[in-house]
Amino acid sequence: MEDSPVLSGAARTGSVAPIRGWMHRLGTALLQVVLGVMAVYFLLPVYWLLVSATKSDTALFAGSGLWLSAHLALGENLADLFSQSGDIFLRWIANSIFYSGSVAVLGTALAGMTGYALSMFEFRGKSGILYGILTSLMVPSAALVVPIFLMDHALHLINTYWGVILPLAASPFGAFFMYVYMRGAIPPELLDAARVDGASEWRTMWSIVPHLVSPGLATLLLLLFIGTWNNFFLPLVVLSNENIFPVSLGLSVWNATAGAASEGHAVYSLVITGALVSVVPLVLLFFVARRYIMRGLAFGGLVM
Amino acid sequence: MRGRKLFPYLCLSPFILVMLAFFVFPVAYALYLSAFSTRGLFLSVFVGISNYVRVLEAASFWVAVLRMVYFGFIQVTVMIALATFFALAIDSQVLLSNFYRLVYFLPYAIPGVVAALMWGYMYAPSFGALTPLLSRLMGHSVNLLGQGVVLYSIANVVTWEWTGYNMILLLAGLTSVSPTIIDAARVDGASDLQISLRIKLPLIRHVVLLTLVLSIIGTLQLFSEPYIFSALTTISPTFSPNLDIYTTTFSYGNFDYAAAMAIVLGVVTFGATYALLRVTRRGAV
C-alpha cells in the first residue's frame with residue numbers, strides 16, 4: 001500500500017484541488033457539528049442542575065425535565081438551603097475549603113522540601129527513597145482507604161479534621177512532581193554561588209528558591225486543592241460527625257435520606273440546589289486558574 | 001560542613017514521617033490484621049492466610065472484579081477513543097478549539113459525587129429529564145436505572161467525568177510533536193486527517209498508554225458512582241470490589257476480612273497495570 005502522502009504534480013497544481021476542497025470543507029463542517037454536539041453533552045448536566053435549582057419541589061416532579069418552568073424559585077431554594085438544619089450547608093462549604101486548603105498548603109510544603117532535597121543533593125539512601133516514592137505512585141489510592149481508616153482508628157484520628165488532612169497531604173505524586181520540576185527549574189550553580197558566599201543551606205533554600213519555583217508550587221497547590229475537594233471515599237470512611245463533613249459528603253447523606261423517606265421530595269430540591277452551590281467555587285477557581293491547572297496536569301502526565 | 005550533610009535528611013524527614021504513618025504503616029497494619037479473625041468483640045484469633053483463601057473463593061468479590069473488567073473494557077475504550085479524537089481535533093486548529101477544550105475539561109472541576117447526583121437525577125424517571133425523550137425514541141418505556149442498564153448508565157457518568165482530563169494529557173503529549181514534521185507533511189499535500197492519524201497519533205502512543213493505565217486503575221477502584229446510585233435504585237452491595245470492601249468494613253464490621261480484600265484488590269490492580277505495561281514493552285517507570 002502506498003504510504004506516502006505525496007501527490008503527483010498534476011494533483012498539486014489544481015486539477016484535483018476543487019474536489020479536495022469540497023470534501024475538505026464537508027469534513028470540517030461535520031467535525032464542527034460533532035464537536036458542537038459533544039459540547040452540549042458535556043454541558044448538559046450542569047444546565048439541568050441550573051434549571052432544576054430554579055424549580056420548586058412540585059415543579060421538579062411535574063415532569064418538565066429539561067425546560068424552565070414558569071415560576072423561578074431559585075431564591076426560595078437558596079434560602080431553604082442555607083437555613084437548613086442550622087446553617088449546616090455553609091459549615092460544609094467552609095469545611096471543604098478548610099480541608100482542601102490545608103491539604104494543598106501542607107502537601108505542597110512537604111512535597112517542596114522533599115523535591116528540593118532529592119533534586120539538589122546527593123546522599124546515602126537517595127535512590128532508595130526515590131524508588132519508594134515511585135512504587136507508592138503505583139499503589140491504587142482507593143485500596144489504601146480502609147487501611148488508612150484502620151490506622152486513623154489506631155491513632156485516634158477518626159472523626160477529626162487531621163484524620164483526613166494528614167493522609168492526603170502525604171502525596172507521593174506531589175513529591176515526585178516537585179522533584180522533576182525542581183531539577184529543571186533550579187540551576188545548581190545558583191546554589192553553589194550562594195554557598196560560596198557563605199550562606200547556610202537553610203538561607204539558600206529560602207532566599208533563592210521560592211521565585212524560581214513559584215509557578216510549580218502554585219500548580220501543585222491547585223492540583224492538591226482540587227483533588228481534595230473532589231475526594232469522597234476517605235472522608236466518608238473517616239468522618240461521622242456531620243459538623244465536619246465536606247460538602248460532597250453532606251450532599252450524599254442528604255441524598256440518602258431523600259431516597260429513604262417517603263416525603264423525600266423537599267430533600268431532593270435541597271440536594272439539587274446544594275449541588276449547584278457546591279460546584280460554583282471550583283468552577284470559578286477553574287476559570288481563573290485554568291492555564292495553571294492544565295499545564296500542571298500536562299506536566300504531571302509527561303513526568304510519568 | 002556537617003550542616004550540609006544533614007540538611008537533605010532534615011528536609012525529607014517531615015514527608016517521610018507522614019508517608020510512613022499514612023502509607024507504609026497502614027499497609028503493614030492491614031497485612032497484620034488480615035492474618036486474624038475477630039470472633040465476638042475482643043477475641044482475635046490468628047488465622048494465617050485463611051482470610052485470603054476466603055477472598056479467593058468469594059464468588060461475589062470476583063464477580064465484582066469481572067464486572068469491572070467488562071465495564072472497563074467498554075468504558076475505557078470509548079473514553080480514550082473520544083479523548084484522543086478530541087485532542088487531535090483541537091490540536092488541528094479547528095474553529096473554537098479553545099472553547100471546546102475548556103468545555104470538555106469542565107467536568108474535572110465537578111466532584112464525582114455531584115456528577116453522579118446530576119446524572120442519577122437526570123436518569124430518574126420521576127424527574128422526567130431524559131426518560132421521556134428516550135422513551136419516545138425507543139418506542140417503549142426506558143428505565144436508565146434499571147438492573148440491566150444501570151451499568152451502562154454509570155459507565156456514561158464516568159466517561160463524562162474523565163474524558164476531558166485524559167484529553168488534556170493527550171494534548172500535552174501533542175505539544176511535543178515537532179512542528180517541522182507537520183509542516184513538511186503539509187508541504188507534501190497531506191490533509192489534516194492524514195496528519196492526525198498517520199503522524200501525530202503514533203507519536204503520542206506513550207501518552208495514550210498512560211491514559212489507558214490510569215483509567216484501568218481507576219476502573220478497578222470504582223466506588224463513588226455506584227455508592228450514590230445505591231440511594232436512587234437497587235445496587236448490589238458487591239457491585240464493585242471497593243463497594244464490597246466498604247460494606248464489609250462498615251455494614252458488617254469485619255475489618256480483618258476487609259483488610260484482606262483491600263490487599264487482594266491492590267495486588268490485582270498492580271498486577272493488571274504491570275501486565276499491561278509489560279505487554280506494551282515499556283518499563284514500569
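I take a helix here as a DSSP run of H or I with at least four residues, numbered from the N terminus. By that rule I read the elements of chain A from the N terminus on as α-α-α-α-α-α-α-α-α-α-α-α-α-α. That gives 14 helices and zero strands in chain A. I note that this is a predicted model.

**Entry: confidence in chain A**

I looked up the pLDDT values before anything else. Chain A has a mean of 81, and 87% of its residues reach 70 or more. Confidence in chain A is lowest in helix α1 (residues 9–13), with a mean of 44, and highest in α5(A), at 92. Residues 1–16 of chain A stay under 50 throughout, and I find 15 contacts beyond four places in sequence for that stretch.

**Entry: chain A overall**

I checked burial next. Chain A has 304 residues, and 50% of them count as buried. Its accessible surface comes to about 14000 Å², with 67% belonging to carbon and sulfur atoms. I also looked at contacts in chain A with a separation of 6 or more; residues 24 or more positions apart account for 73% of these.

**Entry: A:G163**

I found A:G163 in helix α8 (residues 161–169) of chain A. Is A:G163 buried or exposed? A:G163 counts as buried because its relative accessibility is 0%, and the cut-off for buried is under 20%. Leaving out residues up to four places away in sequence, I list A:D152, A:L157 and A:V238 as what A:G163 touches.

**Entry: aromatic rings**

I counted ring pairs over all chains and got 49 aromatic pairs. One of them joins A:F121 and B:F7, with 5.7 Å centre to centre and 55° between the planes, and is tilted. This pair crosses between chains: A:F121 is in the loop between α5 (88–120) and α6 (126–138) of chain A, and B:F7 is in helix α1 (residues 2–33) of chain B. I checked burial at both ends. A:F121 counts as buried at 6% relative accessibility, and B:F7 counts as buried at 5%.

I also noted a cluster linked by ring pairs. Its members include A:Y41 and A:F42 from chain A, and B:F85, B:F86, B:W119 and B:W160 from chain B.

**Entry: arginines over rings**

I looked for charges over rings and wrote down two cases. B:R54 lies over the face of B:Y257, 3.9 Å from the ring centre. In chain A, the charged end of A:R295 sits over the ring of A:Y292, at 6.0 Å from its centre.

Methods. Residues numbered from 1 in each chain as written. Chains lettered and ligands numbered in written order. Predicted model: local features only at pLDDT ≥ 70, side-chain atom pairs only at ≥ 80, totals over all residues. Heavy atoms only, no water. Phe/Tyr/Trp six-rings, centres within 6.5 Å; stacked < 30°, edge-to-face > 60°. Helix = DSSP H or I, 4+ residues; strand = E, 2+ residues; numbered from the N terminus. Buried < 20%, exposed > 50% of the residue type's maximum accessible area, 1.4 Å probe, protein only. Lys NZ or Arg CZ within 6 Å of the ring centre and 35° of its normal. pLDDT = per-residue confidence, 0-100. Contact = heavy atoms within 4.5 Å. Areas by Shrake-Rupley, 256 points an atom, 1.4 Å probe, with all protein chains shown as cover.
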